[in-house]
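Biologist: I am new to this structure and would like to learn how to read it feature by feature. Could you take me through it slowly?

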Amino acid sequence: MNLNATLIAQFVVFFILAGFTMKFVWPPLTKALDERSKKISDGLAAAERGKAEMAAAEKRVQAQLASANDAGQKRISDAEKRAQGIIDEAKHTASAEAARILAAAKADADQQVTQAREALRDQVATLAVKGAEQILKREVNAAVHADLLNQLKTEL
């Protein structure tokens with residue numbers, strides 16, 4: 001009986017220990033395990049939300065980059081058009097200025113030709129008078145013959 005009593009005592013102690021464990025030890029352990037499981041699932045859910053938000057943010061960034069790229073291309077195109085317009089305007093202004101300078105030079109040349117003709121006429125008239133003086137062997141008075149000299153100038 002000794003063995004039976006020991007065995008029965010061991011069973012009783014085992015059941016008391018099992019009851020104590022189930023009443024006082026097991027609930028905090030299961031609660032801690034449940035909390036840990038909840039934290040892990042919340043962390044995984046947060047990671048999934050973060051991944052989804054990151055994908056959405058990446059799409060927004062790509063859209064903004066595309067928009068910025070389009071805006072940059074438009075600005076470059078506008079700048080090229082403006083530069084071409086400025087070049088065309090400069091060419092037009094340069095052409096107008098060249099035409100003005102050419103007209104002024106032509107007018108100046110015409111004026112110089114006219115002045116040269118007048119000077120040449122005066123010289124020819126003087127030479128004609130000297131030639132006539134030589135021919136006539138007498139002095140021709142320029143003041144007296146002014147009308148004749150003016151007529152000679154116009155004929156030359």
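Biologist: Is Phe15 buried or exposed, and what is its relative accessible area?

Modeller: In this predicted model, Phe15 has a relative accessible area of 56%, and because exposed means over 50%, Phe15 is counted as exposed.

Biologist: How many aromatic pairs does the structure hold, and how should I read such a pair?

Modeller: A pair of aromatic rings is described by two values, the distance of the centres and the angle of the planes. The structure holds two aromatic pairs. In one of them Phe15 is joined with Phe14, with 5.7 Å from centre to centre and 65 degrees between the planes, and since over 60 degrees counts as edge-to-face, that is the name this arrangement receives. Another pair is formed by Phe20 and Phe24, with 5.1 Å from centre to centre and 45 degrees between the planes, an arrangement described as tilted.

Biologist: Where do Phe20 and Phe24 lie along the helix, and how many residues apart are they?

Modeller: They are both in helix H1 and four residues apart, so about one helical turn separates Phe20 from Phe24. As for accessibility, Phe20 counts as partly exposed at 47%, whereas Phe24 counts as exposed at 51%, and the two names differ because the cut-off for exposed is over 50%.

Biologist: Which residues make the nonpolar surface patch, and what is its area?

Modeller: The patch is made by Leu17, Phe20, Met22, Phe24, Val25, Trp26 and Leu29, and its area is about 770 Å². The tilted pair of Phe20 and Phe24 therefore belongs to this patch, given that both residues are among its members. A residue needs over 30% relative accessible area to be part of a patch, and Met22, with 62%, is exposed. Met22 lies in helix H1, which covers residues 2-136.

Biologist: What about charged side chains: how many salt bridges does the count come to?

Modeller: The rule asks for a side-chain nitrogen of Lys or Arg within 4 Å of a carboxyl oxygen of Asp or Glu, and by this rule the count comes to three salt bridges. In one of them the side chains of Lys38 and Asp42 meet, with 3.2 Å from N to O. Lys38 and Asp42 are four residues apart in helix H1, so about one helical turn lies between them. Lys38 is exposed, at 51% relative accessible area, while Asp42 is partly exposed, at 39%.

Biologist: How far apart are Asp122 and Asn150, in sequence and in space?

Modeller: They are 28 residues apart in sequence, and their C-alpha atoms are 9.4 Å apart in space. Asp122 lies in helix H1 and is partly exposed, with a relative accessible area of 34%.

Biologist: Turning to the whole protein, how many helices and strands are there, and what percentage of the residues is buried?

Modeller: The protein has two helices and zero strands. Of its 156 residues, 3% are buried, where buried means under 20% relative accessible area. The accessible surface comes to about 13,700 Å², and carbon and sulfur atoms account for 63% of that surface.

Notes. Residues are numbered from 1 along each chain as its sequence is written. This is a predicted model: local features need pLDDT of at least 70, side-chain atom pairs count only at pLDDT 80 or more; totals for chains, interfaces and linings use all residues. Side-chain values use heavy atoms; hydrogens and water are left out. Patches are made of residues with over 30% relative accessible area and no salt bridge: like charges are joined within 9 Å, nonpolar side chains (Val, Leu, Ile, Met, Phe, Trp, Tyr) within 5 Å. Accessible areas come from the Shrake-Rupley method with a 1.4 Å probe; for residues, only the protein chains shown count as cover. Buried means under 20% relative accessible area, exposed over 50%, partly exposed in between (1.4 Å probe, protein chains only). Rings of Phe, Tyr and Trp (its six-membered ring) pair if their centres lie within 6.5 Å; planes under 30 degrees apart count as stacked, over 60 as edge-to-face and the rest as tilted.
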